[in-house]
Amino acid sequence: MDNTTTIRGININLHRSESLSNHLRREKDFFEPDILDYLSDNHGQQNTIVDVGANFGNHAVYFANFLKYQELLCFEPIPANFELLEKNLVYPNVRLFPKAVSDQNTTLKMTPNRRNMGASRVAEDGSLEIEAIT
């Protein structure tokens with residue numbers, strides 16, 4: 001299966017087989033398009049946009065293309081997601097962080113959910129050690 005799809009004229013790199021990636025391929029639109037379009041229509045200019053748990057960049061790619069901003073900060077701790085995020089967000093004033101966000105600076109254990117990477121979670125027995133920052 002192709003790892004990219006084109007949505008609203010924008011090429012987006014996706015996971016090979018994963019629920020959100022498959023949804024974008026099937027629908028040929030962003031996930032939660034009504035919410036994203038509402039933000040664009042009503043809050044289209046921002047100083048700073050922060051996307052915590054950016055996954056492969058569904059929302060951030062939309063923001064980068066349809067909102068005006070001074071900076072877009074994306075946090076994504078799961079390495080497989082972050083790899084795609086780096087490919088998808090080659091835009092000016094975008095900063096990517098391969099970290100989780102928490103109420104304290106710490107190391108967390110996380111378990112990736114290969115069927116739905118956005119549902120990956122913190123777990124005591126997690127297979128990944130992830131840096132978390134405040």
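I take helices as DSSP runs of H or I with at least four residues, numbered from the N terminus. The model I am reading is predicted.

Entry, serine 21. Is serine 21 buried or exposed? Its relative accessibility is 0%, and buried means under 20%, so I put serine 21 down as buried. I then listed its contacts, leaving aside neighbours within four places in sequence: Leu14, His15 and Phe56.

Entry, nonpolar cores. I note the general background that nonpolar side chains tend to be buried together in soluble globular proteins. Here the largest nonpolar core has 25 residues. Among the residues with the most contacts inside this core I noted Ile12, Phe30, Phe56, Phe63, Leu72 and Leu89. Which elements give two or more residues to this core? I recorded β2 (10-13), α1 (19-27), α3 (58-66), β4 (68-75) and α4 (79-88). Helix α3 supplies the largest share, five residues. I also found a second, separate core, which has seven residues, including Ile78, Leu108, Met110 and Met117.

Entry, leucine 72. I picked leucine 72 from the residues with the most contacts inside the largest core. Again setting aside neighbours within four places in sequence, I found leucine 72 in contact with Ile49, Ala60, Phe63, Ala64, Leu89, Asn93, Val94 and Arg95.

Entry, surface. I turned to the nonpolar surface and found a patch formed by Val50, Val52 and Val101. Together these valines have about 240 Å² of accessible area. I placed valine 52 in strand β3, which covers residues 45-52.

Methods. Residues are numbered from 1 along each chain as its sequence is written. This is a predicted model: local features need pLDDT of at least 70, side-chain atom pairs count only at pLDDT 80 or more; totals for chains, interfaces and linings use all residues. Side-chain values use heavy atoms; hydrogens and water are left out. Patches are made of residues with over 30% relative accessible area and no salt bridge: like charges are joined within 9 Å, nonpolar side chains (Val, Leu, Ile, Met, Phe, Trp, Tyr) within 5 Å. Accessible areas come from the Shrake-Rupley method with a 1.4 Å probe; for residues, only the protein chains shown count as cover. A salt bridge is a side-chain nitrogen of Lys or Arg within 4 Å of a carboxyl oxygen of Asp or Glu. A nonpolar core is a set of buried Ala, Val, Leu, Ile, Met, Phe, Trp, Tyr and Cys residues joined through side-chain atoms within 4.5 Å. Buried means under 20% relative accessible area, exposed over 50%, partly exposed in between (1.4 Å probe, protein chains only). Contact means heavy atoms within 4.5 Å.
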